[in-house]
Amino acid sequence: GVVSAPRMEHARAIRVSGFTDADKRAVVGTRAAGVVSELNVSLGSEVKRGDVIAILEAEGKEAAVETARQLLSQREAEANAARRLAERGSLPTLQRDNALSALAAARSQLEAAEAELERNTVRAPFDGVIDKVDIELGSAVQPGTTVATVLNLDPILAKGEVSERDLAYVKRGDPAQVRLVNGREVDGTIRHISRDASSATRTFRVEV
């Protein structure tokens, strides 16, 4: 007689040692000169996009914003009065137009003053974790001084090397399980397999 052998599927588990890394990192710096008056982060701090990392003293710039606000308020009142008088025919339209132009100029002046003040604030470019802090409270800095490094840990990358023998068994999109140093296990997906072998070890880089 004929015996039908049962078909069995085998799964191959490939163990790889490696390290974790951020998918994205940013080194944030100052856009103005000044003294650090506020430092809101330390190593390991979690930040959201737009969170204030540090502020430089900006008394003169704050005063300029306040002056521009007062001027805008005055120009708004003058423009409203001119508009009402022109509607009643008590004021030439040219004077009304001049008042509206002055209002627009005051609005632009305030926007410029606020933008200049904002240059003294350093913000997080995306959600992440502070990996490095390069300044101290009270220190004097110049434009372009490095303030901190922010890592985006969502997604997090796990990088390792697979041997030439195992290369045939892994492909992009395959599921992978990553065990972190703290013992936590997370599920991931292979997103990249290098086809260029390391000359020293003849292994190929894999990113999960």
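Is Glu116 buried, partly exposed or exposed, and what is its relative accessibility? Glu116 counts as partly exposed, at 34% relative accessibility. Here buried means under 20% relative accessible area, exposed means over 50%, and partly exposed is in between (1.4 Å probe, protein chains only).

## Basis

This is a predicted model: local features need pLDDT of at least 70, side-chain atom pairs count only at pLDDT 80 or more, and totals for chains, interfaces and linings use all residues. Residues are numbered from 1 along each chain as its sequence is written, and side-chain values use heavy atoms, leaving out hydrogens and water.

## Salt bridges

The whole structure holds 15 salt bridges. Each is a side-chain nitrogen of Lys or Arg within 4 Å of a carboxyl oxygen of Asp or Glu. Arg107 and Glu76 form one of them (3.9 Å, N to O). Arg107 sits in helix α2 (residues 93-118) and Glu76 in helix α1 (residues 59-87), so this pair ties together parts 31 residues apart in sequence. Helices (H or I, at least four residues) and strands (E, at least two) are DSSP runs, numbered from the N terminus. Arg107 is partly exposed at 38%, and Glu76 is partly exposed at 32%.

Glu116 pairs with Arg119, with the closest N and O atoms 3.4 Å apart. Arg119 is partly exposed, at 33%. Arg202 bridges to Glu164, with closest N and O atoms 3.3 Å apart. Arg202 lies in the loop between β11 (192-193) and β12 (203-207), and Glu164 in helix α3 (residues 164-167), so the pair links parts 38 residues apart in sequence. Salt bridges with shared partners also join Lys61, Glu116 and Arg119 into one network.

## Thr30

Thr30 lies in the loop between β1 (18-29) and β2 (34-39). Thr30 is buried, with a relative accessible area of 6%. Its contacts (heavy atoms within 4.5 Å) include Leu56, Val122 and Val147, not counting residues up to four places away in sequence. The Thr30 side chain reaches the backbone oxygen of Gln142 at 2.7 Å.

## Second largest pocket

This pocket holds about 310 Å³ of space. Of its 15 lining residues, Pro155, Ile156, Leu157, Asp187 and Val208 are the closest to its centre. On a 1 Å grid over the protein atoms alone, a pocket is an open set of points where a 1.4 Å probe fits, with protein on both sides within 12 Å along at least five of seven lines; lining residues have an atom within 4 Å of a point.

β8 supplies the largest share of the lining, 5 residues.

Note on methods. Grid points are joined across faces, edges and corners, and a volume is the space filled by probe spheres set on the points. A polar contact is a pair of N or O atoms within 3.5 Å; within protein, one must be able to donate a hydrogen and the other to accept it, and residues adjacent in sequence count only if both atoms are side-chain atoms.
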